[in-house]
Amino acid sequence: MTIAAIGSIPLILVLGNSMLIPILPKMKSELDLSQFQTSLIITVFSISAAIMIPILGYFSDRFTRKAVIIPALILYGCGGILAGASAAWFSNAYTWILAGRIMQGIGAAGTTSMAMALTGDLFKGGEQSKVLGLVEASNGFGKVVSPIIGSLLALLFWYAAFFAFPIFCLISILLTIFFIKEKKKKKEPPSFGEYVKSLVSVFKTEGRWLFVAYLAGATCLFTLFGILFYISDILEKDYKIDGVLKGSILAIPLLFMTTTSYFTGSKIGKNMKLMKKLIVLGLLLMTVSFGVLVFFTKLVPFFAILVISSVGTGLALPCINSFITGSVSMEQRGFVTSLYGSVRFLGVAVGPPIYGALMEWSRSGMFLSTAGLTLLVGLLCLAFIHVGKKESSKDTEKEKDTLFEKLQFT
């Protein structure tokens with residue numbers, strides 16, 4: 001139940017964007033919005049989350065994870081109520097929907113990164129990697145079911161999804177309260193100055209590979225949400241597919257990503273060499289997939305090739321999560337994982353508007369530039385993450401709570 005409670009936290013986050021993807025074209029027509037205004041529904045949520053995540057990460061290190069998670073989920077639910085009420089009853093609905101989405105973004109800042117930090121606090125070694133794989137799988141499962149849920153709710157009225165958010169948040173809040181038992185901190189939290197110094201030392205010693213890992217995570221989310229935005233648009237425009245069928249089609253690549261994430265997390269343990277290989281392999285699979293998609297326009301072969309990219313994302317993300325979560329001690333884990341969450345959110349935020357612009361420019365250019373990006377990030381991971389020989393696990397655990405005592409960096 002502890003794992004279920006932790007898994008419910010990122011699940012809530014994913015619903016915030018993925019559940020709205022199928023209804024964006026309907027929202028665009030109902031509120032008479034431009035393509036750019038429509039993409040802002042996703043972007044303002046993600047940018048506000050990206051800004052707040054490091055701040056909440058600091059507070060979670062200073063106090064407790066639950067002290068951040070529960071108020072964040074409450075704010076998230078209230079933002080959904082504001083957005084739904086605006087769409088139903090306000091004359092200038094779009095402005096108030098954006099305000100509600102900003103509230104939701106601030107609340108979302110206390111979700112996935114906090115769940116990853118909690119996992120690092122409560123589980124160790126191979127068990128930690130397995131639970132992180134489950135957290136990423138929960139994240140992916142949310143992406144699979146949320147387009148379908150969003151499409152089903154839209155059968156009631158197009159803005160019904162907004163009113164569903166507080167219900168999901170309430171479930172997660174109850175699970176968090178009753179089933180997550182945090183360890184008591186044995187010593188007083190450091191002063192702000194000491195905390196900053198310790199973080200500076202972390203980034204001095206492990207900064208290069210850490211920033212590359214951040215970039216890899218952001219790239220995975222950027223391409224995922226960019227492609228979902230593109231698919232949602234073409235399904236409605238070119239194929240006249242909407243509703244539940246559209247949500248089900250959007251779920252296909254996400255299902256492959258989720259399944260791959262689960263199996264990757266359960267197999268990698270503390271094998272850092274394997275993690276590095278899977279990150280690079282995953283990014284190369286994404287490169288191949290996006291490069292080949294240029295030549296396919298029909299729906300079935302298009303999705304068959306796109307699935308290769310989904311598998312690549314499912315290979316890379318759990319390994320990146322394990323690297324970052326295990327890279328620092330418990331005292332700095334909240335901030336470091338939060339900064340990672342912030343970068344991931346920025347990837348989500350810029351995906352729809354950039355892909356919207358690329359769609360108007362050139363379909364081939366969109367896929368080739370995406371392939372170029374994933375290839376570059378894969379090469380950076382290959383160059384900057386160097387795994388040395390490991391000492392015995394007993395010696396490693398005695399030194400300190402990190403996966404990276406024996407990592408060597410260029």
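The questions and answers that follow concern a predicted model, and they set computed values beside the cut-offs that give each word its meaning.

Q: Why is Phe178 called exposed?
A: Phe178 has a relative accessibility of 52%, and the word exposed is used for residues over 50%, so Phe178 counts as exposed. This residue lies in helix α8, which covers residues 160-179.

Q: What makes the nonpolar surface patch of about 580 Å²?
A: The patch is made by Met1, Leu170, Leu174, Ile177, Phe178 and Phe179. Nonpolar side chains are joined into a patch within 5 Å, provided that each residue has over 30% relative accessible area and no salt bridge.

Q: How do you know that the side chain of Lys66 and the backbone oxygen of Ile177 make a polar contact?
A: A polar atom of the Lys66 side chain lies 3.4 Å from the backbone oxygen of Ile177, and the cut-off for such a pair is 3.5 Å. Leaving aside neighbours within four places in sequence, Lys66 is in contact with Pro71, Thr176, Ile177, Ile180 and Glu182.

Q: Which residues of the largest nonpolar core touch the most other members?
A: Among its 117 residues, these are Phe162, Ile231, Ile324 and Phe367. Helix α9 (residues 192-237) gives the largest share of this core, 19 residues. Ile231 touches Leu250, Phe302, Phe303 and Leu306, if residues up to four places away in sequence are not counted.

Key:
Residues numbered from 1 in each chain as written. Predicted model: local features only at pLDDT ≥ 70, side-chain atom pairs only at ≥ 80, totals over all residues. Heavy atoms only, no water. Patch = residues over 30% accessible without salt bridge, like charges linked within 9 Å, V, L, I, M, F, W, Y side chains within 5 Å. Areas by Shrake-Rupley, 256 points an atom, 1.4 Å probe, with all protein chains shown as cover. Salt bridge = Lys/Arg side-chain N within 4 Å of Asp/Glu carboxyl O. Helix = DSSP H or I, 4+ residues; strand = E, 2+ residues; numbered from the N terminus. Buried < 20%, exposed > 50% of the residue type's maximum accessible area, 1.4 Å probe, protein only. Core = buried A, V, L, I, M, F, W, Y, C linked by side-chain atoms within 4.5 Å. Contact = heavy atoms within 4.5 Å. Polar contact = N/O pair within 3.5 Å; in protein donor to acceptor, adjacent residues only side chain to side chain.
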